[in-house]
Amino acid sequence: MINYTEKIPNNVDLGRDRVLQRALEHWQPAYMGWWYDMGPNESHNYEVYLRTATSVEPDGWAQFGYVKMPDYRWGIFLQPRDEKREVNFGIHKGQAAWQEVPGEYRSTLRRVIVTQGDTEPASVEQQRMLGASCPSMYDLRNIFQVNVEEGRHLWAMVYLLHRYFGRDGREEAESLLARRSGDADNPRILGAFNEATPDWLAFYMFTFFTDRDGKFQLCALAESGFDPLARTCRFMLTEEAHHMFVGETGISRIIQRTCEVMKENKVEDPQDVRALGVIDLPTIQRYLNFHYSVTLDLYGSDVSSNAANYYTSGLKGRFRETKLDDDHVLADAEYPVSEVVGGKIITKNVPALTALNERLRDDYIEEIADGVGRWQRVIDNAGIPLRLTLPHKGFHREIGNFAGHFISPDGEVLSEEAWKNHEFEWLPNSKDYAYVQSLMSGRVVEPGKFANWIAPPTRGINNQPLNFEYVRFN
Ligand SMILES: [Fe+2]
Ligand SMILES: [Fe+2]
């Protein structure tokens, strides 16, 4: 169970390590300062029907109740230790899992933890203005739940930095509160976390596509030979599932509403669809293309010696590493990667160790494709002949083998000019953003009411009815 009587709730027996406890208690007011500045705008007095972790056991870990978000019990929760756990891959395979940081991997591990940690506050910053245009109280509660949990994920990484990395770790923890998403001078580390999330369509896309990158990174880190990192990430994954649920169902409800309106009014042309106050399907496709492609970049270069080192050292595994049936060393294995040669996309095998970013990206794409398939069924069920498609992996990429090439969504290698001629058929254009923004002119907060452009969900949170008062504004 988690000890909530302490200033910092935790299940790591924090009270036994006074120095660490004091360091974290020193960081806590800085975190609260960040939350007041960069957390959800104007939300500090709202009482929100949130879940809070009460136990890290798979059953019954969450408790629901009204909480003012600044009073949310952010804390440090790790999956319980398995005394028999080993390093399961790389050159240290078979050793007991490390409970302390191996000296030779110290700076690498710190970089991995900081990079993951930096994404957590970034997304809160990206989403902070969206409360003002929420499509319902249910959705407002959901975005706040995502925000407080991203805050907790920051706590999770900061605990590791403070506990295992001494002064360097404490400095990194401060920098995590100093960078700002989209800031010209001190931006967040990764590209997608500096993009704006200007509207709720972008928010749902972000939680579907980009939070799922988070899931895959956490899954790979949950395999780490550094046991505290693995156990931290395991518990973060239980929270991440809800974020992706919010994204997938959010887009699904938008599609459902659009299809209903198209059928009722017998319209197909996007302009006619927009005239009825819902989001036309081609705009949804363009948002999808954007969020998918910027998220693919987060996995890094297709061929990467860093990725090979992380794996060989036992720091970062593959997706479901221990379920894979091979030697977990990958000395002789190969893996296919694509590149552009002479105006054509070719695929060639490279040493699997160097292709681990690409492999994780492919695992991600498989799961994304399933989700997009579920959105497609909503369109098919309405009898509307439109196909949502995932663009080619090389489309609109800035990192890896496709960077600097101009690939169409169909996977054709184009000249820059040809690509530019179609850019805004494929990616959201200023009119798309302006139209979607026009739908976000105010918030819908009467219990049980939903904005015209989105269907209600099939059920409420924690079995509450749809007209439940999920947020009290005071
Ligand atoms: Fe997160
Ligand atoms: Fe998340």
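A residue is called buried when its relative accessible area is under 20%, exposed when it is over 50%, and partly exposed in between, with a 1.4 Å probe and protein chains only. The model is predicted, and local features need pLDDT of at least 70, side-chain atom pairs count only at pLDDT 80 or more, and totals for chains, interfaces and linings use all residues. Residues are numbered from 1 along each chain as its sequence is written, chains are lettered from A and ligands numbered from 1 in the order in which they are written, and side-chain values use heavy atoms, with hydrogens and water left out.

By that definition Glu120 is buried, with a relative accessible area of 3%, and Glu150 is buried as well, with a relative accessible area of 3%. Glu120 belongs to helix α2 (residues 106–126) and Glu150 to helix α3, 30 residues apart, so that the pair links distant parts of the chain; helices (H or I, at least four residues) and strands (E, at least two) are DSSP runs, numbered from the N terminus.

Elsewhere, strand β3 (residues 334–341) runs antiparallel to strand β4 (residues 344–351), and 8 bridges join them, where two strands pair if DSSP finds at least two bridges between them. Glu334 has Pro351 in β4 as its bridge partner.
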